[in-house]
Structure formats: structure tokens, C-alpha cells
Amino acid sequence: MLFIKFYYLLHPSTYLEDGSEGLLYKWLVNWLSGMVGPSPVFFTFLALMLLFIQSLLLARIVNNHRLFAKDTYLPAMCYLLLTSLLQSWNVFSPALIVNTVMLWIFSSITGLYMRNSARDVSFNIGFALGICGLFYFPSVLFVALLFLSLLIMRAFRLAEWIIGLMGILCPFYLLGTWLFLTNRWELIADLWHIRANLPVITDYKVWGALIGGMLFFVTGWLMLQRTFKKMLIQGRKIWATVVIYVLVAMLVPLFSGHFSPTYWILAVMPVSLFAGNVFWTITNNTVANAVHILVLAYVIIMQYFSN
């Protein structure tokens, strides 16, 4: 990790503040800045530690639910590698916090298939999505992931959908009530920032990161088809929800108040599962090492030798 992230420690950044962040994120960075000041080193170190912890938690979820034939840390390795493709993915931002919560949400979704009733899980997932929305409002669009996951993992039950919606609204209701009771109602406008965007991307580094991530996604999905029919039903359903996860995460940043490619880190986490499957499926170690070295070389070149 230090090897591919060392550049960001040499050139630290503070936190992302572009107008798309939610009220809780503003309060959090103000509180942290009040303790340590606007220290680039502190916020960069915090961002990198979050990435490292997320990678370990991702590997734990993958291994607990047997998405691969054996325990592996390949998705964790791929997550750290892919997040190094773009510098803004290593900056402390609302998306990093949302990604941490999404790990718990994804873990909860993977367990839906085995439950007789999912009302409590649906509410908890909705509540977690509401918390995400208080840090970065467009992330509430992950409600599509919740509903589609319920369709994939379980038979349709309207009550579970309604309870999930109630869970999403609950954090906004509680915070709004607190703002009203403390006579800070003017802050209610900061609870949501959403606007559809069709960005024109001219930065070649952003294109490089997007193309690299999508190549791993498509290749990993195609390679997965070799063993897809041999998997247990639960495994097939989980992989189907990961596809939905990628697609929704790619769309979420397009509804930011101010578009930033930083928020596409939301899609890097599920893409890392497919990238891990690429390295898992390649039986020729020489080819696998060549792919890894090629991506690593690209990362180093983009970090140290490009303007």
C-alpha cells in the first residue's frame, strides 16, 4: 500500500469541498479542522487509512459469503490499486465516508436471500442510506440498489419496500426536527444538493481511470460466466446485485450539485470484485503478473511523470 500511495503522502491534500457535500460532512470537517487545523497531511493520512480499512472489510465480506472458491485478498488488492489511478480518489471526501457505510449495506444485502423476513434489514439499509445522504445527498439514489436487490434476492413484498423508504426518510426527519428545535432551521437547505449533470470530461487522467476500471469490470464479468452456472443460487444472486451496484454507483455522481469525478470512487469498490475475479480466473501466473505490473506502471507514471 505504501508503495502505490506514497506519492499522495508526498503531495498531501486537504478535504474535498465543492458544494455537493451534505450537512454532516461540513460539521465533521469543521470539527476535525478545529482539532488539527486544515492540515493536508492529516486529512491525506485519514483518507489513506480509510481506503486501507475499506479494502480489508471488503475482503472479509467477500470471504464470508464465499464469492470466490477460496479465501482471497485479491479484491482488497484491486481496490487499493484502482483507487490509485486518480489522485482525487485519495482525498478525504464525502464519497469516502459513504463508501465505508456502503460496505455495511452491501454486507446486509448479501444476507437477504437467507432471511424469512427482511423488514428489519430493509429498514436498517434504508436508514444507512439516509445517513449517507446527510454526507452526500445524491447517494440516496442507492435506493435503486436496495429495491433491485430485494427483487433479485427475494420474492416481492411491498411492505419491505415501504419500510426501506421509511428508513431513508428517518435520518432526515430526525435531523430536521433537531434543527427546528434548536432554532437553526435556515440550515435545512443544506440537507440536499442535487442536480442532473452531463459533464464534458477533458482530463486524460480521468479518462484513463474510467477506461481502466471499466475494462476490469467488463472482463471480470465475462470471465465470471465460465463458472456462473456452477455457483449456488445465493452466489449468483449476489454477483447480480454487484452488477447493479456498479451501474447505480456510476450514475450517482451525475446528480451532484457540482459534478466531480471524485465521486466515481463509489463505483470503484464493486468494480474491485470483478477486477479480483480477473486475477483469480487467469491461471497463467505470468499473464496475471504482467497485467498487474502494467496497471502498476500506469499508476506510477501518472503519479510521478505526468503534469
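Guide: A quick definition before we look around this predicted model: a residue is buried when its relative accessible area is under 20%, exposed when that area is over 50%, and partly exposed in between.

Visitor: Okay, so what makes Cys132 count as buried?

Guide: Its relative accessibility is 1%. The cut-off is under 20%, so Cys132 counts as buried.

Visitor: And is Cys170 buried or partly exposed?

Guide: Cys170 has a relative accessible area of 21%. Buried would need a value under 20% and exposed a value over 50%, so Cys170 goes down as partly exposed.

Visitor: How do you know that Cys132 is in no disulfide?

Guide: A search of the whole structure turns up 0 disulfides. For Cys132, the nearest cysteine sulfur belongs to Cys170, and that is 14 Å away. A disulfide needs the two sulfur atoms within 2.5 Å.

Visitor: Let's move to helix 10. How do you know that its span is close to the one expected?

Guide: Helix 10 has 19 residues, and at 1.5 Å a residue the expected figure is 27 Å. From first C-alpha to last, helix 10 reaches 28 Å, which is close to that.

Visitor: Which residues of helix 10 are buried, and what covers them?

Guide: The buried ones include Trp239, Val242, Ile244 and Tyr245. Gly235 and Ala249 are on that list too. The cover over the buried residues of helix 10 includes helix 5 (94-110), helix 7 (143-153), helix 9 and helix 11.

Visitor: How many residues of each class line the second largest pocket?

Guide: Its lining has 7 nonpolar, 3 polar and no charged residues. Gly208, Gly212 and Thr219 are among the lining residues, and glycine counts as polar here. Leu85, Phe216 and Tyr298 also line this pocket, and these kinds of residue count as nonpolar. The space comes to about 200 Å³.

Visitor: Which helix supplies the largest share of that lining?

Guide: Helix 9, with 6 residues. Helix 12 (285-304) also supplies at least two.

Conventions:
Residues numbered from 1 in each chain as written. Predicted model: local features only at pLDDT ≥ 70, side-chain atom pairs only at ≥ 80, totals over all residues. Heavy atoms only, no water. 1 Å grid on protein atoms, 1.4 Å probe; cavity = no way out; pocket = protein on both sides within 12 Å on 5 of 7 lines; lining within 4 Å. Points joined across faces, edges and corners; volume = space filled by probe spheres on them. Helix = DSSP H or I, 4+ residues; strand = E, 2+ residues; numbered from the N terminus. Buried < 20%, exposed > 50% of the residue type's maximum accessible area, 1.4 Å probe, protein only. Expected span 1.5 Å × (residues − 1). Contact = heavy atoms within 4.5 Å.
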